[in-house]
Amino acid sequence: PTPTPTPTPTPTPTPSSNLTTSKVLTAITVRPAAVTLDVGETQRFTGEAYDQNHHRMLDIDFQWMSSNETVGTIDDAGFFTALCAGGTLILAENETATGVADVAVSGMIPAPALTETVSADVTSNPSTTPARSPPPSPSTTPAPVQTSTPVPAPSVQGFEALSAIGGLLAIAYMIKWRK
């Protein structure tokens, strides 16, 4: 006689195996995690969202905030603008999670762009030979009495004009950066 095979039971699905686990946002990573900027500079921050199983989640919107808006502000797209020296935290939030980045702002003002120019109204002589100054006209006012040793005038022709131009450029630069 041949033995009768024993039937193999069919597994019955358990209720938990039929359910699909939904993803839950549990962590946000902000990049860059730390940055140092000068006053006036900007930095773009990005956020990455992760679920409870550490899988990246796409299409998650973040609400961006700066913990110290005196130091800098951040817009809805993640662009931070440094306003004054100090430190602040950048927060990327969603309903269930928050990510953080650190920002340090120095008081240095960034150097002007190389494309900027300072102009001054200066009359130039297109001639290649140096212009001759007319002799001074006689004065009818008495010369002041000098009590110290006189400083000799520079003997290079055009020195006064160059000094004036340099002074004007220095003043224009100072006025521009004080605005």
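Student: In strand 8, which residue is the bridge partner of Gln-43?

Tutor: The partner of Gln-43 is Phe-80. Before we go on, some ground rules. This is a predicted model, where local features need pLDDT of at least 70 and side-chain atom pairs count only at pLDDT 80 or more, while totals for chains, interfaces and linings use all residues. Residues are numbered from 1 along each chain as its sequence is written, and side-chain values use heavy atoms, with hydrogens and water left out.

Strands (E, at least two residues) are DSSP runs, numbered from the N terminus. Two strands pair if DSSP finds at least two bridges between them. Strand 8 covers residues 79-82 and pairs with strand 3 in the antiparallel sense, over 3 bridges. Strands of a sheet pair through backbone hydrogen bonds, either parallel or antiparallel.

Contact means heavy atoms within 4.5 Å. Leaving out residues up to four places away in sequence, Thr-88 touches several residues, among them Phe-80, Val-71, Ser-66 and Val-103. Thr-88 sits in strand 9, residues 86-93. Thr-88 is buried, with a relative accessible area of 3%; buried means under 20% (1.4 Å probe, protein chains only).

What does the Thr-88 side chain reach? Two spots. One is the side chain of Ser-67, through a polar contact of 3.2 Å. The other is the backbone nitrogen of Asn-68, at 2.8 Å. A polar contact is a pair of N or O atoms within 3.5 Å; within protein, one must be able to donate a hydrogen and the other to accept it, and residues adjacent in sequence count only if both atoms are side-chain atoms.

Strand 9 has a partner too. It runs antiparallel to strand 6, joined by 4 bridges. Ser-66 stands opposite Ile-90 there. Strand 6 (residues 63-66) has a covered face, Trp-64 and Ser-66, and an uncovered one, Gln-63 and Met-65.

How values were computed. Buried < 20%, exposed > 50% of the residue type's maximum accessible area, 1.4 Å probe, protein only.
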